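Reader: I would like a close look at one part of this model. Please go through it piece by piece.

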Amino acid sequence: MSGQLSAFGYAITEEPEGADLWLINTCTVKNPSQSAMTTLISKCKSANKPLVVAGCVPQGSRDLKELEGISIIGVQQIDRVVEVVEETLKGHEVRLLSRKTLPSLDLPKVRKNKFIEILPINVGCLGACTYCKTKHARGHLGSYTIESLVDRVKIVVSEGVREIWLSSEDTGAYGRDIGTNLPNLLNAIVAELPADRSTMLRIGMTNPPFILEHLKEIASVLCHPCVYSFLHVPVQSGSDAVLTAMNREYTVSEFRRVVDTLCELVPGMQIATDIICGFPGESDEDFSQTVNLVKEYQLPQVHISQFYPRPGTPAARMKKVPSVEVKKRSRELTSVFESFSPYRGMEGKVERIWITEIATDGVHLVGHTKGYIQVLVIAPDSMLGTSADVKITSVGRWSVFGEVIEGSVVAKETHKQNHAELQEEYRPSQVEEATCCATDSCGACACSDAAKQCSSGPQRCEDPANAPQTSSGDAVQSKLVRRNVEGTAKSSESDPAEVVVAKVQHLNVATRRFPNVDTILWGGLAVSFATTVALIVVLAYKMSSTLSY
């Protein structure tokens, strides 16, 4: 949406007061994310600004009282965002929610991070999880063709992108609606990646049911030099009884088979998972089985969240676990998870890393190993968009630290910038989504509600007490639209905040530029004035001539 508005002459700004219009992009996964939307709507109304609300909330809950009298745009109508903004600025209320064909992959885009392309391979899913509200908004599975995705990959590689993230509510389900499958897509994409490993591929979240039949093929792709050996596989619970109540369509043993097979076949394989604490009907024994599963595998990333009943879902009608108990279980599981030292033993090792962003401390650069372990290094900003060998000097809970080995840097001549330019580009979202907040099968935030707020990387988190919003706040992005007469706005190509959603809430503003309007108006007035004066002089002369006769 930012890309289209920018291409039409609007610009992104951080000045809410000067905006002509606010554009809020919403998430419906959890109650707090919708509450954040409601808060922003109230602020917008108080500021007396025109407003457009986009995303999953209006698509899935179009009759919400908070959305009355407000322009809304659905998840499959984003190619018409300029039209909606224009009409709203004229004082009209616009509602575009009908489903249609998939949005084009080549719409103008403002990347959160210029080195990272987030590429959706499909929309919707084949699941029917009882707690999921996202299905109401995103609908049934709709896959892009392999040809269109490969074409997009070729374009972004030529633009200097260094990481391609495949995005989906369930990557494993790709192609089942169009007669193909995920391995076919992955092999086609990998064939287009540069042989020098200058561009890496990260495969998105996949649920166990649709990856089981392709485990060996996917393991083979994960072993490819240009593919991160990392996969996000949500388990949600260690109890088969709870998984059945969730309608997740797999068992704990099937999740184990996925993890065991990938770890056996892929050297250095790293797996992330999600857990929901306090799902309706979860007994002490059910929770104990979840804790034991987490202890057994000691995965480096476990995204823990408390259960939130979403209106209109079957789980919202189930008997709830007391909230005190839910919070207690979340704290206990978080404590167990944080007791692990997943990167112990890496000290002294040499790892290849791909460097794509500046850490939030402003001191380190952020890179990732082949297994997508976050590595923080002190290095010049010219190394952004390059890869290098580093020696691991120390390890932390969420990331490791390293020193770049001299002479190991592999770079291309694109994207050479100084720190000031990069900081300016990253400004809308310095916390970018390198994300500790990957999404689960229904788009849920990856971070533990009880313990984490995304920071400088996929695993680096902070205490939420110091965070401006819980993970839900991350899901709501607000953009503001303001007209301006200073010239066409620069479009930031960096994609960290959704221009991006940073994992803190950012108010961005789109500004319409009319660079020549004032000049034209003043010029017109000057010509009119001169013409009038000339006419008066001529008339006065003729009248004086007549009188003299």
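What does Arg111 count as, buried or exposed?

Author: Arg111 counts as buried, because its relative accessibility is 5%. The cut-offs are under 20% relative accessible area for buried, over 50% for exposed, and partly exposed in between (1.4 Å probe, protein chains only). The model is predicted, and local features need pLDDT of at least 70, side-chain atom pairs 80 or more, while totals for chains, interfaces and linings use all residues. Numbering starts from 1 along each chain as its sequence is written, and side-chain values use heavy atoms, without hydrogens or water.

Start with the partner of Arg111. Its side chain meets that of Glu117 in a salt bridge, 2.8 Å from N to O. A salt bridge here is a side-chain nitrogen of Lys or Arg within 4 Å of a carboxyl oxygen of Asp or Glu. Glu117 is buried because its relative accessible area is 1%.

Glu117 has a further partner, Arg152. Their side chains form a salt bridge at 3.2 Å, N to O. This pair links distant parts of the chain. Glu117 sits in strand S6 (residues 116-120), Arg152 in helix H6, and 35 residues separate them. (Helices, H or I, have at least four residues and strands, E, at least two; they are DSSP runs, numbered from the N terminus.) Both Glu117 and Arg152 are buried.

Now widen the view. Arg111, Glu117 and Arg152 belong to a network of salt bridges that also links Lys109 and Glu159. Across the model, the rule gives 13 salt bridges.

Glu83 counts as partly exposed because its relative accessibility is 39%. Arg80 counts as partly exposed too, because its value is 31%. Compare Glu117 and Arg111: that salt bridge is also at 2.8 Å, but Glu117 is buried and Arg111 is buried as well.

H6 spans residues 146-158 and packs with H7 at an angle of about 30 degrees, their axes 9 Å apart. H6 is therefore roughly parallel to H7. Angles under 35 degrees get that label; over 145 is roughly antiparallel, 65 to 115 roughly perpendicular, and the rest oblique. The axes are lines fitted to C-alpha atoms, over the stretch in contact for helices, with angles from 0 to 180 degrees between N-to-C directions.

Arg197 lies in the loop between helix H7 (182-190) and strand S10 (200-202). Its phi is near 65 degrees, a positive value in a residue other than glycine. Arg197 is partly exposed because its relative accessible area is 26%.

Tyr372 is placed in the loop between strand S15 (365-368) and strand S16 (374-377). Here the residue is buried, because the relative accessible area is 1%.

Back to the starting point. Buried Arg111 pairs with Glu117, Glu117 pairs with Arg152, and the network includes these three residues.
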